Amino acid sequence: MWFVSSNEHKFGEARRILGRMGMELYHHKASLPEVQSHSLKDIALAKAASARSLVGGAVLVEDDGLFIDSLKGFPGPYSSYVFDTIGNAGGDRAASFRAVVAYADGSRTAAFKGEVRGRIADAVRGSGWGYDPVFIPDGAGGTFAQIDKDRLSHRGEALAAFARWYGGGQRPPDYSAA
Ligand code: IMP
């Protein structure tokens with residue numbers, strides 16, 4: 001199935017994660033319009049609809065956000081804008097990284113979330129993409145940039161939920177917001 005995203009890193013991780021579960025993912029590189037919403041789920045579902053109009057067939061898309069507790073969850077769904085504007089600023093703050101992947105194939109649409117708790121490092125550690133060098137998941141010895149993140153990342157959890165549903169014929173999960 002197609003993974004529609006402009007982000008090579010996201011695709012690389014998603015392909016690796018689903019590959020381990022026996023599913024094959026192909027990259028359709030495109031920047032999908034992002035609707036403005038407080039909900040990652042709504043953004044991901046809208047992305048899935050526009051991805052379908054672009055490539056047809058079965059598509060998988062993803063939307064992520066970094067939610068910093070002391071900033072009341074900011075930047076959340078606006079993380080990509082904040083990253084482009086200020087980059088990896090320091091500070092020691094409890095935070096969570098969330099992902100919603102949305103699947104659509106014309107007859108079925110479903111969204112799956114993943115979340116990892118952690119904190120923002122007080123300095124950039126390691127070299128990786130996006131917020132990887134500043135996000136330290138709880139219980140890990142370093143930032144996402146310094147560890148093997150696939151097994152405990154927000155993306156890994158969302159994709160594992162998707163794979164269980166896709167492979168097992170389970171009912172799609174029902175959650176109100178992400
Ligand atoms: P997006 O809006 O889904 O593209 O993601 C929001 C922001 O979070 C973007 O700046 C991404 O680069 C960043 N991001 C999402 N997932 C990850 C990750 O696994 N590691 C590092 N940065 C990420």
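This is a predicted model: local features need pLDDT of at least 70, side-chain atom pairs count only at pLDDT 80 or more; totals for chains, interfaces and linings use all residues.
Student: Which residue in S2 stands opposite Ser 5?
Tutor: Lys 29.

Student: And what do S1, H1 and S2 make together?
Tutor: A right-handed β-α-β unit, with H1 spanning residues 8-20.

Student: How many bridges join S1 to S3?
Tutor: There are 2, and those strands run parallel as well. S3 is residues 59-68. For a spot to look at, Trp 2 stands opposite Val 59 in S3.

Student: OK, switching to the ligand. Which residues come nearest?
Tutor: There are 15 residues around the ligand, and the nearest are Lys 10, Asp 64, Asp 132, Lys 149 and Arg 155.

Student: How far is a polar side-chain atom of Lys 10 from an oxygen atom of the ligand?
Tutor: 2.7 Å. For Arg 155, an N or O atom in the side chain is 2.9 Å from a ligand oxygen. Asp 63 also has a polar side-chain atom 3.3 Å from an oxygen atom of the ligand.

Student: How much of the ligand's accessible area does the protein cover?
Tutor: 93% of the 480 Å² that the ligand has on its own.

Student: What sort of space does the ligand take?
Tutor: A pocket, and it's the largest one.

Student: Which elements give two or more residues to the shell around the ligand?
Tutor: S3, helix H3 (79-86) and helix H4 (154-168).

Student: Which one gives the most?
Tutor: H3, with 3 residues in the shell.

Key. Residues are numbered from 1 along each chain as its sequence is written. Side-chain values use heavy atoms; hydrogens and water are left out. Two strands pair if DSSP finds at least two bridges between them. Helices (H or I, at least four residues) and strands (E, at least two) are DSSP runs, numbered from the N terminus. A crossover is right-handed if, with the strands pointing away from the viewer, the path from the first strand over the helix to the second runs clockwise. A residue is near a molecule or strand if one of its heavy atoms lies within 4 Å of it. A polar contact is a pair of N or O atoms within 3.5 Å; within protein, one must be able to donate a hydrogen and the other to accept it, and residues adjacent in sequence count only if both atoms are side-chain atoms. Accessible areas come from the Shrake-Rupley method with a 1.4 Å probe; for residues, only the protein chains shown count as cover. On a 1 Å grid over the protein atoms alone, a cavity is a set of points where a 1.4 Å probe fits but cannot get out, and a pocket is an open set with protein on both sides within 12 Å along at least five of seven lines; lining residues have an atom within 4 Å of a point. A molecule sits in a cavity or pocket if more than half of its atoms lie within 2 Å of its grid points.
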